[in-house]
Amino acid sequence: NELVCSTIIETGIDIPSATTIVIRRDDKFGLAQLHQLRGRVGRSHHQAYAYLLIPERRALRADARKRIEAIETATELGAGFTLASHDLEIRGAGELLGEEQSGHMQKIGYTLYMELLMDAVRAIREGRMPSSSPELEESVDINLRIPALIPEDYLPDVHTRLIMYKRIASCRGKEDIDELQVEMIDRFGLLPPPLKSMFRLSELKLRARDFGIRKIDANVSGARLDFADSARIDPAAIVRLVESEPANFALGGTNQLRIKAGFREADDKLGYIENLLERIAAREPAVAQTA
């Protein structure tokens, strides 16, 4: 008996008595299609044969030749995974990780790429326009030149220290920072000064990001704040600072505030910057009243 049909049998039509299948112009089929089609014949202990009819190999495209070679070599049971791997190599990983969609992903790494993708998806769900550079928009560079780290004598295990560094950097709010401090005190003991400073810096970075500050740089004689174009600060408060204390504050362009102050201790810098952020934080605008 002979059955002449199209690829409809690929969907799972069962022909138990068939032991031979002839596929014409299999260079036009995908690798998964060929695997499904040849699986339509042969049951139990019956030997089955699949004949693949193709034009001369030199007339085939490069991808077609690769598919033929893959289907020829994958003849053992359980060859589906092997064929899937070959198919991924031949066709690529798709547009999500392809060059058109992700650009030069290898230059930033898969982890950072997925973070940027998640930020874009989150922005769309919240009804916001995804930023073309969210990693720059949310990052804050703080350099106060103070010791802020997990001391080795406090936490000797390197692997655990790296885990805690990552958890501190991953905190999204003051509650996360407070919970992590309580956990570390419970697990490792009272926090040493450098670690306390690190937690204060993490909280300061979160507040600065919320205010739209891109950079905070401080040394023993002063500090500098760089604002983003969309900074959420009170411009009038900055003007009042500069006008009332010209010896201590000055504008360095439209997006920079320079501070002249002496700092003796690390706590002095942190406390001064924290207080300054409160002074220039954006307030709700007053409602104008008309007679």
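These questions and answers walk through a few features of one predicted model.

The model is predicted: local features need pLDDT of at least 70, side-chain atom pairs count only at pLDDT 80 or more, and totals for chains, interfaces and linings use all residues. Residues are numbered from 1 along each chain as its sequence is written, and side-chain values use heavy atoms, with hydrogens and water left out.

User: How are helix 10 and helix 11 oriented to each other?
Analyst: Helices are DSSP runs (H or I, at least four residues), numbered from the N terminus. Axes are lines fitted to C-alpha atoms over the stretch in contact, and angles run from 0 to 180 degrees between N-to-C directions. Helix 10 (residues 235-244) and helix 11 (residues 266-280) pack at about 120 degrees, with axes 8 Å apart. Under 35 degrees is roughly parallel, over 145 roughly antiparallel, 65 to 115 roughly perpendicular and the rest oblique, so the two helices are oblique.

User: Which residues of helix 11 make the contact with helix 10?
Analyst: Contact means heavy atoms within 4.5 Å. Helix 10 brings Ala237, Ile238 and Leu241. Helix 11 answers with Leu276, Arg279 and Ile280.

User: Which residue forms a salt bridge with arginine 122?
Analyst: A salt bridge is a side-chain nitrogen of Lys or Arg within 4 Å of a carboxyl oxygen of Asp or Glu. Here the closest N and O atoms are 2.8 Å apart. The partner is aspartate 119.

User: How many salt bridges does the count come to?
Analyst: The same rule is applied here. The count comes to 11.
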